Amino acid sequence: MLKIVPDSDEANQNGANPSGESVLDALARDGARQMLAAALQAEVAAYVDAAADEVDADGHRLVVRNGHHEPREVTTAAGAVPVRAPRVNDKRTDEAGERRRFASAILPAWARKSPQVAEVLPLLYLHGLSSNDFAPALEQFLGTSAGLSPATITRLTGQWQDEATAFNTRSLAGTDYVYVWVDGIHLTVRLSQDRVCLLVMIGVRADGRKELIALADGFRESAESWADLLRDCKRRGMAAPVLAIGDGALGFWSAVRDVFPTTREQRCWFHKIGNVLSALPKSAQPGAKKALAEIWQAEDRAHAETAAKNFADEYGAKWPKAVAKITDDLAVLLEFYDYPAEHWVHLRTTNPIESTFATVRLRQRVTKGPGSRAAGVAMAFKLIESAQTRWRAVNAPHLVALVRAGATFEKGRLVERPDDQTDHRPVDRQQAA
């Protein structure tokens with residue numbers, strides 16, 4: 001019987017090559033290399049062609065191709081990709097007399113890893129992974145540990161700390177935040193057994209986009225810490241938000257009344273429901289949870305107030321402390337009803353902060369967190385910076401500007417549009433009623 005033995009190429013197609021790398025991974029990396037090379041060539045060609053008419057006194061072009069830079073490897077999600085970027089000789093000068101330089105938007109100078117890979121590093125560090133563990137943890141996924149040494153990670157964390165500091169000192173004068181979510185995020189510091197309390201503020205711009213406003217180490221969620229942060233934001237040009245959303249236990253509320261007295265208050269229903277249920281026996285919690293949903297999911301304020309009264313009638317006699325958590329804060333729990341119905345889903349909770357830090361909160365139960373307070377702030381900053389690219393705008397973003405302008409909404413619908421003579425300060429709910 002004739003026995004057919006597959007050749008080495010066929011064997012490699014069904015498994016790994018002699019180096020232990022699968023053919024699929026090798027093809028992916030080679031494809032990434034070819035695509036990157038083609039993209040870089042096209043980028044340089046476009047740059048050179050755009051300056052084709054610029055020549056010197058002798059008629060020689062001022063912008064020409066000039067070979068290639070030295071080869072280097074760039075760590076990407078497809079593995080380590082060899083790159084030899086084309087070089088440009090640009091003899092033009094700017095207004096200051098400095099030589100112009102071509103800067104690739106695809107592959108920045110000296111870049112050794114893609115932004116997507118860089119996003120992974122703060123996540124791992126914030127979740128408690130030691131810098132010594134980065135290379136072995138990522139080598140299996142990336143196919144290489146190049147550029148991921150402990151020294152590299154240490155240098156990166158220093159850069160991230162500088163970036164966080166620059167972010168928290170930038171001017172806020174050019175951006176109008178109409179809504180803000182606030183919360184305090186606690187992280188355990190691994191090397192000192194200390195705890196970091198990150199004061200987080202995320203806002204909604206007038207165009208409806210969400211954006212990180214501030215991230216500070218408050219040491220504690222006290223009114224003094226929040227007041228310091230708010231005063232700093234005000235000094236840097238931040239205007240008073242129309243509405244702030246947060247947990248009722250925060251010292252933020254005392255601080256915001258002092259720094260931004262016109263800002264309205266909305267308590268987070270996610271935190272409130274948890275507080276109410278913790279004051280009830282387990283047997284009563286399922287029914288109470290449904291009764292609470294009747295309040296915050298009501299079609300308008302009137303129905304919500306009726307549902308709140310029903311909740312108090314049913315549970316008040318046996319568990320007055322649980323009911324008081326709703327009745328005492330009912331006005332600030334239902335504040336969101338005075339805004340566009342499309343925005344209610346965004347304004348009832350601090351979900352933009354909770355969802356961003358959900359993984360971190362979970363991992364903190366089984367890890368010891370960042371190695372220092374500064375590293376904790378920097379890693380959280382990079383985490384939010386990465387997550388922010390995936391945040392979507394609020395529903396009906398065009399209505400955000402109307403909220404800032406002082407428009408009145410009843411049952412979630414616009415009933416008044418401010419004209420040029422209208423006072424553009426936030427509408428007081430009692431006056432509007």
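Which residue forms a salt bridge with D232? The partner is R235, with the closest N and O atoms 3.7 Å apart. A salt bridge here is a side-chain nitrogen of Lys or Arg within 4 Å of a carboxyl oxygen of Asp or Glu. The model is predicted: local features need pLDDT of at least 70, side-chain atom pairs count only at pLDDT 80 or more, and totals for chains, interfaces and linings use all residues. Residues are numbered from 1 along each chain as its sequence is written, and side-chain values use heavy atoms, with hydrogens and water left out.

**View 1. The D232–R235 pair in helix α6.** Both residues belong to helix α6 (residues 223-235) and sit three residues apart, about one turn of the helix. Helices (H or I, at least four residues) and strands (E, at least two) are DSSP runs, numbered from the N terminus. D232 is partly exposed at 24% relative accessible area, and R235 is exposed at 64%. Buried means under 20% relative accessible area, exposed over 50%, and partly exposed in between (1.4 Å probe, protein chains only).

**View 2. The salt bridge between R92 and D90.** The closest N and O atoms of this pair are 2.9 Å apart. R92 is buried, with a relative accessible area of 11%, and D90 is buried too, at 3%.

**View 3. The salt bridge between E342 and R413.** Here the closest N and O atoms are 3.4 Å apart. The pair links distant parts of the chain, 71 residues apart: E342 is in the loop between α12 (330-333) and α13 (344-347), and R413 is in strand β11 (residues 413-416). E342 is partly exposed, with a relative accessible area of 29%. Elsewhere, salt bridges that share partners join R205, D207, R209 and E211 into one network. The whole structure contains 17 salt bridges.

**View 4. F311 in the largest nonpolar core.** A nonpolar core is a set of buried Ala, Val, Leu, Ile, Met, Phe, Trp, Tyr and Cys residues joined through side-chain atoms within 4.5 Å. This core has 59 residues, of which Y179, V200, I295, F311, I326 and F357 touch the most other members. Its largest share, six residues, comes from helix α15 (residues 373-388). Leaving aside residues up to four places away in sequence, F311 touches V276, A288, A291, L292, I295, G316, V323 and I326; contact means heavy atoms within 4.5 Å. Another core, of 24 residues, lies apart from the largest one and includes V182, I213, C233 and L250.
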